[in-house]
Amino acid sequence: MSTAIRPGPRSGWRAWRRGRPFTAGLLLGLGGLELICVSWVGLGFLRFTGTAGAASWALGTLFVVAGVTTWRNPALRYFSGVLAAVMSLVSLVAANLGGLLLGFLLTAVGSALALAWIPQQAPSTPERGGVR
């Protein structure tokens, strides 16, 4: 059986996803949306969020931007990863305990994945010709 990838829309998506820190960007975006949603909904016991609500919106937006940046420009993964790591620590203090800890965990893991991601090298093809 051949394990070659058939050309098609799924192979294009797969190649795009593997060429960048996709999971890191996804976790950063989800963590940012979670921070925004916690301050927006309020969960019943956070009625008046005040400055924590503003910080949740600001930090959440920056996390989403950092996630999109890792997707659109993988060369900036170190910048967005370090920025997201610092912002995730700030969110613990400034944004309702980092979105009730779930947003903090998502963004901390996303920033670690962005910093740890290494682009795959293209496999080298053997030269054609005689044996040397």
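Select Phe22 to begin the tour: Phe22 is buried, because its relative accessible area is 17%, where buried means under 20% relative accessible area, exposed means over 50%, and partly exposed lies in between, with a 1.4 Å probe and protein chains only. Before going further, note that this is a predicted model, in which local features need pLDDT of at least 70 and side-chain atom pairs count only at pLDDT 80 or more, while totals for chains, interfaces and linings use all residues. Residues are numbered from 1 along each chain as its sequence is written, and side-chain values use heavy atoms, with hydrogens and water left out.

**The aromatic pair**

The structure holds one aromatic pair, and Phe22 and Trp71 form it, stacked with 5.2 Å from centre to centre and 10° between the planes. For such a pair, the rings of Phe, Tyr and Trp (its six-membered ring) must have centres within 6.5 Å, and planes under 30 degrees apart count as stacked, over 60 as edge-to-face and the rest as tilted. The pair links distant parts of the chain, since Phe22 belongs to helix H2 (residues 22-41) and Trp71 to helix H3 (residues 51-72), 49 residues apart.

**The whole chain**

Now show the protein chain as a cartoon, in which there are six helices and zero strands; helices (H or I, at least four residues) and strands (E, at least two) are DSSP runs, numbered from the N terminus. Followed from the N terminus on, the elements run α-α-α-α-α-α. Of the 132 residues in the protein chain, buried residues make up 35%. Among contacts between residues at least 6 apart in sequence, 77% join residues at least 24 apart, where contact means heavy atoms within 4.5 Å.

**Helices H3 and H4**

Two packed helices are described by the angle between their axes and the distance between the axes. Select H3 and H4, which pack at an angle of about 160° with their axes 10 Å apart; axes are lines fitted to C-alpha atoms, for helices over the stretch in contact, and angles run from 0 to 180 degrees between N-to-C directions. H3 and H4 are therefore roughly antiparallel to each other, given that angles under 35 degrees count as roughly parallel, over 145 as roughly antiparallel, 65 to 115 as roughly perpendicular and the rest as oblique. The crossing of H3 and H4 is left-handed, a term used if the near helix is turned anticlockwise from the far one by less than a right angle, with right-handed used if clockwise.

To see the contact itself, display side chains including Ala55, Leu59 and Phe63 of H3, together with Ala84, Met87 and Ser91 of H4. By class, the contact of H3 with H4 has ten nonpolar, five polar and one charged residues, where Ala, Val, Leu, Ile, Met, Phe, Trp, Tyr, Cys and Pro count as nonpolar, Asp, Glu, Lys and Arg as charged, and the others, Gly among them, as polar.

Two residues of H3 deserve a stop. Ser56 is found in helix H3 and is buried, with a relative accessible area of 1%; if residues up to four places away in sequence are not counted, Ser56 touches Leu35, Ile36, Ser39, Ala95 and Asn96. Thr69 also lies in helix H3, but Thr69 counts as partly exposed at 23% relative accessibility. With residues up to four places away in sequence again left out, Thr69 touches Pro74 and Leu76, and from Thr69 to Ser80 the C-alpha to C-alpha distance is 7.1 Å, although these two are eleven residues apart in sequence.

**Helices H4 and H6**

Next, keep helix H4 (residues 77-94) and select helix H6 (residues 102-116), which pack at an angle of about 160° with their axes 8 Å apart. That angle makes H4 roughly antiparallel to H6, and H4 passes H6 in a left-handed crossing. Among the residues that meet here are Tyr78, Val82, Ala85 and Leu92 in H4, and Thr107, Ala108 and Leu115 in H6. The residues of this contact of H4 with H6 divide into ten nonpolar, five polar and one charged.

Then pick Leu89, whose place is in helix H4 and which is exposed, with a relative accessible area of 53%. Leu89 and Phe104 are 15 residues apart in sequence and 7.4 Å apart in space, C-alpha to C-alpha.

**A last stop in a loop**

Finally, select Leu101, which is found in the loop between helix H5 (96-100) and H6. Leu101 has a positive phi of about 70° although it is not a glycine, and at 40% relative accessibility Leu101 counts as partly exposed.
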